[in-house]
Amino acid sequence: MNFFPAWNDLNVGDSVTFYRTFTEEDVENFIRLTGDFNPFHTDNHAAKKCGFKKRVVPGLLTSSMIAHAGGTLVVEPYAGAKVFFQYLAPVYVNESICARVAVTGKNHLKNQLALKINCTNQQGEVVLEGEVTGRIFPAYSGGNSLEYVADK
């Protein structure tokens, strides 16, 4: 699914909103893949001793919500080149997060796109803010399938 039909339909000020609940399985897989065995990601007791309510979702897992936007905003591929995130509050396992991604810049001549992300928890507290700039590849004419790209 793409939020916009094509790169040309996307304008500065456009935004999308989507939700994600970070499950126990998500956190375990992320920790296993990255090796981020920080005790407040793996142990409730350690998390509480560090001042958290319970185990905390790794920040990079939360910030990966920008990848969902980059991969589904338009049909053309988007490659992020510069990323900035600010983690403002913890995200806990099984907590639902709302991500709002807005287009803040678009340069047709250079095929550049800038996005801003704002994530809030179920209580409306901002947990993450970030920005990404990158490049759209409008010459790509296939569907939204990486297998299709690899087969060409």
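The briefing below goes through these topics in turn.

This is a predicted model, in which local features need pLDDT of at least 70, side-chain atom pairs count only at pLDDT 80 or more, and totals for chains, interfaces and linings use all residues. Residues are numbered from 1 along each chain as its sequence is written, and side-chain values use heavy atoms, with hydrogens and water left out.

- Contact means heavy atoms within 4.5 Å; leaving out residues up to four places away in sequence, C119 touches M65, I97, C98, A99, E125, V126, V127 and L128.

**Helix α5**
- Helices are DSSP runs of H or I with at least four residues, strands are runs of E with at least two, and both are numbered from the N terminus.
- M65, I66, A69, G70 and T72 of α5 are buried, where buried means under 20% relative accessible area, exposed over 50% and partly exposed in between (1.4 Å probe, protein chains only).
- H68, also found in α5, counts as partly exposed because its relative accessibility is 36%.
- Apart from neighbours within four places in sequence, H68 is in contact with F3 and F18.

**Ring and charge**
- The charged end of K106 sits over the ring of W7, 4.6 Å from its centre, the rule being NZ of Lys or CZ of Arg within 6 Å of the ring centre and within 35 degrees of the ring normal.
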